[in-house]
Amino acid sequence: MNAFLKRFLDEKLPLWRALQHCDHGLAALRYGELGKHAADKLSTPILKRTSMSEIEEQFTSIYTRNMFLEVRNQITHSEKYNVVRHHKLKASDICTIEKYLSKDHPKRKVTFKHIEKEMRCDCYWLETKGIPCRHVFASMKHLHLSDIPRNIIKNRWLKECKDIYLSSPDAQRRFVNPDMISSKRYGGINSQANLFLYYCKKSPKVQQRGMELMSTLLVEMQKMVEDVGEEEKMINGAVHEVHDGIKEPHPVATKGRPPQSKSSQQNSSQKSTKARICRVCKKSGHDYRNCKVRKRKCEESMEEDDDDFE
C-alpha cells in the first residue's frame, strides 16, 4: 500500500483525487487477498514431488499456498545435503550437515531436542525468513522424523492466522484465555484435595492430623496472598512515581521563518508597497478602473456614436 501511494506524493493532486487513489489501492489489496484465500481454501497443490511426502501433506494442511511452495523448495534443496556426523546425547541429537561435492560450502549443525520436540540450525534461516531451512529437512530425513517439530511452525504463515479462534495448537497457546488458566489451576488442586479428604475420613487420628496440617497451610497461604498483593501495590506505586516525576520538555523552536525585528519589518513593508500608476494617464494614486481620463474618453465616444446614428 505504501509503494502504491508513494507514486502520487510528488504530484499536486486535489484531496478528493488522493482519496480516490487510496480507495482504489485498498480495493486492489482486498481483491488480491480474496483470491489468495480462495486458492488456499478451495485448491490443493500437487503433492509427492519430493522424498518427504508426509511432511509435505502436513505443511499444505496448515500453511498458505505461497508459503508451502517456499517450504517445498527447501525440501527439494535438502536432497543435495548429507549428514556426515551424528552425535547422540541423552536429551538431544546433533547432526553435522555438508553439501554434496562442495568442500567450500560451510558445514552446519542442527540440534534436535527430544523432550521439547524442537529443532534448530546454526544458519538462522528460520529466525530470519520464518521457514525451516534445507539443513533441518536433511536432519529430519536422517533421524526418520514423521512429525514437524513445534518450533519451526510460525503462526503468521498459518491459513487461520486472521481468525480469532485458531485451530493450531501453537496458535491456541498464543491466544490463551485467563479463565482457562484459573480453571486449570482449580482442577489440579481439586484432585489433590479430594485425595486428602479421602485419607482424612479413614480414622479420627488421621482426621485430627489433617486438620492441623490444613490450619497451618491455610495461614501460610493467606500470608503468601497478602505478600503478593503488597508487591503489586509497590510495583504500581513505583510506576506512578516514575510517571509523576517526568518533567515538561524544553520548548524547541519550530521550523519556519525566524522572527524579524521591527526595523526589518518596516523596510520590507516599504519595499513591498508600491504606488499605483494608471496605464491610461500614467499618473499615480488610482488605477485603470477609476481613471477619469478614461471615463471622459468613453463618454465622448458614446456621444459621437449617437450623433452619427441620428
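**A chat about surface, spaces and salt bridges**

Analyst: Happy to! Let's begin with leucine 195, which counts as partly exposed because its relative accessibility is 42%, between the 20% and 50% cut-offs. Keep in mind that this is a predicted model.

User: Okay, and where is leucine 195 found?

Analyst: Leucine 195 sits in helix 8. It also belongs to a nonpolar patch on the surface, along with Tyr198, Tyr199 and Val206.

User: How much accessible area do those patch residues have together?

Analyst: Together they have about 380 Å². Helix 8, which covers residues 178-200, gives the largest share of the patch, with three residues.

User: How many of the pocket's lining residues are nonpolar, polar or charged?

Analyst: Nine are charged, seven are nonpolar and four are polar.

User: How many cavities of 30 Å³ or more are there?

Analyst: There is one. The largest cavity holds about 40 Å³ of space.

User: Which residues line the largest cavity?

Analyst: Its lining includes Met119, Arg120, Cys121, Trp125, Glu127 and Val136. Strand 4 and helix 5 (125-129) each supply at least two of the lining residues. By class, the cavity lining has eight nonpolar residues, two charged ones and no polar ones.

User: You listed Arg120 there. Which side chain does arginine 120 meet in a salt bridge of 3.5 Å?

Analyst: That partner is glutamate 127, and the 3.5 Å runs from N to O. Arginine 120 also meets glutamate 118 in a salt bridge, at 4.0 Å from N to O. This links Glu118, Arg120 and Glu127 in a network of salt bridges.

User: Is arginine 120 buried, partly exposed or exposed?

Analyst: Partly exposed, because its relative accessibility is 41%. Its two partners are in that class as well: glutamate 118 is partly exposed at 25%, and glutamate 127 is partly exposed at 44%.

User: How many salt bridges does the whole structure have?

Analyst: Three. One of them joins glutamate 212 and arginine 209, at 3.4 Å from N to O.

User: How far apart are glutamate 212 and arginine 209 along helix 9?

Analyst: They are about one helical turn apart, because three residues separate their positions in helix 9 (residues 204-244). Glutamate 212 is partly exposed, with 39% relative accessibility.

User: Last one: what is the phi of leucine 101?

Analyst: Leucine 101 has a positive phi of about 55°, although it is not a glycine. Most residues other than glycine have a negative phi. Leucine 101 sits in the loop between strand 2 (92-99) and strand 3 (108-113). It counts as exposed because its relative accessible area is 74%, over the 50% cut-off.

User: And what about lysine 117, where does it lie?

Analyst: Lysine 117 lies in the loop between strand 3 and strand 4 (118-121). It has a positive phi of about 55° too, and at 42% relative accessibility it counts as partly exposed.

Terms used
Residues numbered from 1 in each chain as written. Predicted model: local features only at pLDDT ≥ 70, side-chain atom pairs only at ≥ 80, totals over all residues. Heavy atoms only, no water. Patch = residues over 30% accessible without salt bridge, like charges linked within 9 Å, V, L, I, M, F, W, Y side chains within 5 Å. Areas by Shrake-Rupley, 256 points an atom, 1.4 Å probe, with all protein chains shown as cover. Helix = DSSP H or I, 4+ residues; strand = E, 2+ residues; numbered from the N terminus. Buried < 20%, exposed > 50% of the residue type's maximum accessible area, 1.4 Å probe, protein only. Nonpolar A, V, L, I, M, F, W, Y, C, P; charged D, E, K, R; others polar. 1 Å grid on protein atoms, 1.4 Å probe; cavity = no way out; pocket = protein on both sides within 12 Å on 5 of 7 lines; lining within 4 Å. Points joined across faces, edges and corners; volume = space filled by probe spheres on them.
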